[in-house]
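Here are a few exercises to work through with the sequence and the structure side by side. Try each task before reading its solution.

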Amino acid sequence: MITKFLIVLFFIMCSAFADACEVYLPGHIVLLGQTLSFKQSIKQTECSAEAMQEISNTLNSVEGKITSFQFSEILKSKNHQVLVQPALIQVQHLNHLVREQILMPAGIQMRSSEAINAQNYLVLSPGDRVQVKCLGCLFGTQQTLNVKVEGFDGTDKTLTVKADFKKMVKAFRVIGFHPAFSSITTTSLKEEFVESIPHTDLLTNLDTLRFYKLNKPIRSGELLRQSDLNALNLVRAGTKTEVIIENEHVRLQTVGISRSNGILGELVEVFHPQKNKKYLGKVVDLNKVSVEL
């Protein structure tokens with residue numbers, strides 16, 4: 001009985017493998033761009049067009065060293081039974097090589113890239129090295145990258161890749177709904193980095209947030225912008241106001257009466273009645289102005 005069960009199991013397994021497609025992937029591949037077609041470099045048998053597309057998508061989505069078993073399991077989770085060779089595959093993405101080999105300004109990332117007059121990937125042999133350079137880079141759009149492959153056998157190959165870069169800036173996303181004219185605190189914000197786009201007016205610094213209130217309702221998940229805030233009057237006409245008089249050598253403190261309202265950064269006049277003296281200072285805090293000598 002056991003023998004019959006084993007025979008049946010053997011035929012079931014053979015049937016499953018007979019239905020599976022088989023691919024032989026490059027052992028080491030470097031992805032240079034987003035438009036990819038691996039038809040020339042992937043050998044396959046009994047694979048449908050749909051399976052081949054999923055293999056390409058998976059190859060494009062992984063990075064680092066991955067075993068054939070892991071690769072097969074990813075495809076299996078997408079309902080494709082595929083036998084993958086070789087036993088170990090290494091996938092590198094150009095944007096990570098750029099980060100490793102090119103000194104870029106803070107916040108700069110590569111958005112996209114495309115090889116010129118060449119396929120968008122490199123198949124490397126064991127011992128090959130890849131060097132990436134960007135001469136005179138301004139880290140904007142259509143920047144020229146030189147990708148050089150130093151072969152283990154002493155041969156050299158250079159490709160040209162056009163790359164677009166983007167600048168990432170710190171921004172803050174609102175947690176929960178906030179009505180108009182309400183205060184907003186740092187505990188109601190989640191910090192993240194987003195692409196810097198001109199004229200988006202994103203709030204990037206929370207140091208002075210306490211000096212503002214919302215001027216409209218803000219829904220949960222929205223990025224907070226400076227235009228969403230109205231500044232509070234930190235100094236009011238007729239109120240007692242502290243005056244800090246300073247330069248790099250001296251710092252004096254006195255008080256006076258503000259002649260006008262003022263928000264953060266505005267200049268207001270403060271009158272000292274005992275000294276009969278006027279000070280023109282910049283509003284720096286609640287009931288406080290700074291006068292630079």
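The exercises below concern a predicted model, and each comes with a worked solution.

**Exercise 1. Find the disulfides and describe each one.**

Step 1. Apply the cut-off: a pair of cysteine sulfur atoms counts as a disulfide within 2.5 Å. By this rule there are 2 disulfides.

Step 2. Take the pair Cys-21 and Cys-47, whose sulfur atoms are 2.5 Å apart. The torsion about their S-S bond is about 90°, so this disulfide is right-handed.

Step 3. Turn to Cys-134 and Cys-137, joined with an S to S distance of 1.5 Å. Here the torsion about the S-S bond is about 60°, so this disulfide is right-handed.

Step 4. Write down the pattern: counting bonded cysteines along the chain gives 1-2, 3-4.

**Exercise 2. Are Cys-21 and Cys-47 buried or exposed?**

Step 1. The cut-off for buried is under 20% relative accessible area.

Step 2. Cys-21 has a relative accessible area of 4%, so Cys-21 is buried. For Cys-47 the value is 14%, so Cys-47 is buried.

**Exercise 3. Which residues touch the most other members of the largest nonpolar core?**

Step 1. This core holds 24 residues, and those touching the most other members are Leu-32, Leu-94, Val-98, Leu-145 and Phe-165.

Step 2. Now trace the elements: at least two core residues come from each of α4 (94-101), β7 (108-115), β9 (129-133), β10 (143-150) and β11 (156-174). The largest share, 4 residues, is supplied by β11.

Step 3. Look around Leu-94. Leaving aside neighbours within four places in sequence, its contacts include Leu-31, Leu-32, Met-110, Leu-145 and Val-161.

**Exercise 4. In what order do the strands of the open sheet with β3, β1 and β5 lie?**

Step 1. The order of the 3 strands is β3-β1-β5, with mixed pairing.

Step 2. β3 and β5 (82-85) are at the edges and each has a single partner strand, so one side of each lacks a neighbour in the sheet.

Step 3. With direction ignored, neighbouring strands of this sheet are turned by 15° against each other on average.

Step 4. β1 and β3 run antiparallel and are joined by 3 bridges. Tyr-24 stands opposite Lys-43 in β3.

Terms used:
Residues numbered from 1 in each chain as written. Predicted model: local features only at pLDDT ≥ 70, side-chain atom pairs only at ≥ 80, totals over all residues. Heavy atoms only, no water. Buried < 20%, exposed > 50% of the residue type's maximum accessible area, 1.4 Å probe, protein only. Core = buried A, V, L, I, M, F, W, Y, C linked by side-chain atoms within 4.5 Å. Contact = heavy atoms within 4.5 Å. Pairing = 2+ DSSP bridges. Axes fitted to C-alpha atoms, helices over the stretch in contact; angles between N-to-C directions.
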